[in-house]
Amino acid sequence: MPLEIVRIPALADNYIFLVHDDASGETVVVDPGAADPVLVAAAERGWTIGAIWNTHWHPDHTGGNAAIKAATGATVIAPAAEAAKIPTADQLVSEGDTVTIGHHRAIVLETPAHTAGHVSFHFTGDALLFPGDTLFAMGCGRLFEGTADQMFAAMRRFSALPDATTVYCAHEYTLSNARYAAVAEPDDADIAGRLAAVEALRAAGEATVPTTIGEERATNPFLRARDAAQLAERRAAKDAL
């Protein structure tokens, strides 16, 4: 039975994800920047949150930890390299560790660059990826604590995943990313087509997340960067817009 995933808009442009396994009755929340919308969404469905998975320490991804934990007794699972910055953490994970919801297993991938200890969660059997702020639809995260080399390595890891992998990015940044992609690769018809589709979705108030690895391979200028130097150039150009 497939996992059920609920996208919860929060804060300015964050997405929090409730992940539910009907067979076991287990529910996980990924990167809760706020508690109230998560608790409301879970209660509406009769779900009990048993675990919180954090990809990195930034408050817009961990700000709801304490309140959700107090309300539900959920276990907080967080990157070991950022333990000092996530005081609510109960279980620390690193590269190659696995976390579970029912019989579904996710592998922990260390994907530093946006933050020094950032991780992503990859459900290999379900073809699902929760990349936090490392990979976005048509973009990648800012290099706050890491390097272009690290981000390029993360992009290579993601690019090697099957095209059908569904990617649950943590922010609604696609419109600005698509506009930059059209500047970075102005002659690319796939990018031009996706920009038009994204503009239409956002004009209608619709979300552009999730995406897929296949879509990103075709239209994401960061995933398509030939090397770390080009990724750094593109990141700097995007940041300057």
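**Rings, strands and a buried asparagine**

Tutor: Tyr168 is buried, with a relative accessible area of 13%. Please keep in mind throughout that this is a predicted model.

Student: Why does Tyr168 count as buried?

Tutor: A residue is called buried when its relative accessible area is under 20%. Tyr168 falls under that limit, because its relative accessible area is 13%.

Student: Which two strands stand at the edges of the open sheet of six strands?

Tutor: The six strands follow one another in the order β7-β8-β9-β10-β13-β14, with mixed pairing. An edge strand pairs on one side only, and this applies to β7 (98-101) and β14 (211-212).

Student: Within that sheet, which residue of β13 is the bridge partner of Leu129?

Tutor: Strand β10 (residues 128-130) and strand β13 (residues 166-167) run parallel and are joined by two bridges. In β13, the partner of Leu129 is Val167.

Student: How far apart are the ring centres of Trp53 and Phe123?

Tutor: A search of the whole structure finds eight aromatic pairs. One of them is formed by Trp53 and Phe123, which are stacked with 25° between their planes and lie 5.8 Å apart, centre to centre.

Student: How many residues apart in the chain are the two partners of that pair?

Tutor: Trp53 belongs to strand β4 (residues 49-53), while Phe123 belongs to strand β9 (residues 119-123). Both Trp53 and Phe123 are buried. The pair links distant parts of the chain, and its two partners are 70 residues apart.

Student: Why is the pair of Phe130 and Tyr168 described as stacked, and what is the angle between the planes?

Tutor: Planes under 30 degrees apart count as stacked, provided that the ring centres lie within 6.5 Å. The centres of Phe130 and Tyr168 are 5.1 Å apart, so the pair is stacked, with the planes at 15°.

Student: Which aromatic cluster contains Phe130 and Tyr168?

Tutor: Phe130 lies in strand β10 and Tyr168 in the loop between β13 and α5 (174-184), so their pair ties together parts that are 38 residues apart in sequence. The one cluster to which they belong is made up of Phe17, Trp53, Phe121, Phe123, Phe130 and Tyr168.

Student: Which residue makes a polar side-chain contact of 2.7 Å with Asn54?

Tutor: Asn54 is found in the loop between β4 and α2 (59-62), and it counts as buried because its relative accessibility is 0%. Beyond its neighbours within four places in sequence, Asn54 is in contact with several residues, including His61, Asn65 and Phe121. The residue whose side chain makes the 2.7 Å polar contact with that of Asn54 is Asn65.

Definitions and conventions. Residues are numbered from 1 along each chain as its sequence is written. This is a predicted model: local features need pLDDT of at least 70, side-chain atom pairs count only at pLDDT 80 or more; totals for chains, interfaces and linings use all residues. Side-chain values use heavy atoms; hydrogens and water are left out. Two strands pair if DSSP finds at least two bridges between them. Helices (H or I, at least four residues) and strands (E, at least two) are DSSP runs, numbered from the N terminus. Rings of Phe, Tyr and Trp (its six-membered ring) pair if their centres lie within 6.5 Å; planes under 30 degrees apart count as stacked, over 60 as edge-to-face and the rest as tilted. Buried means under 20% relative accessible area, exposed over 50%, partly exposed in between (1.4 Å probe, protein chains only). Contact means heavy atoms within 4.5 Å. A polar contact is a pair of N or O atoms within 3.5 Å; within protein, one must be able to donate a hydrogen and the other to accept it, and residues adjacent in sequence count only if both atoms are side-chain atoms.
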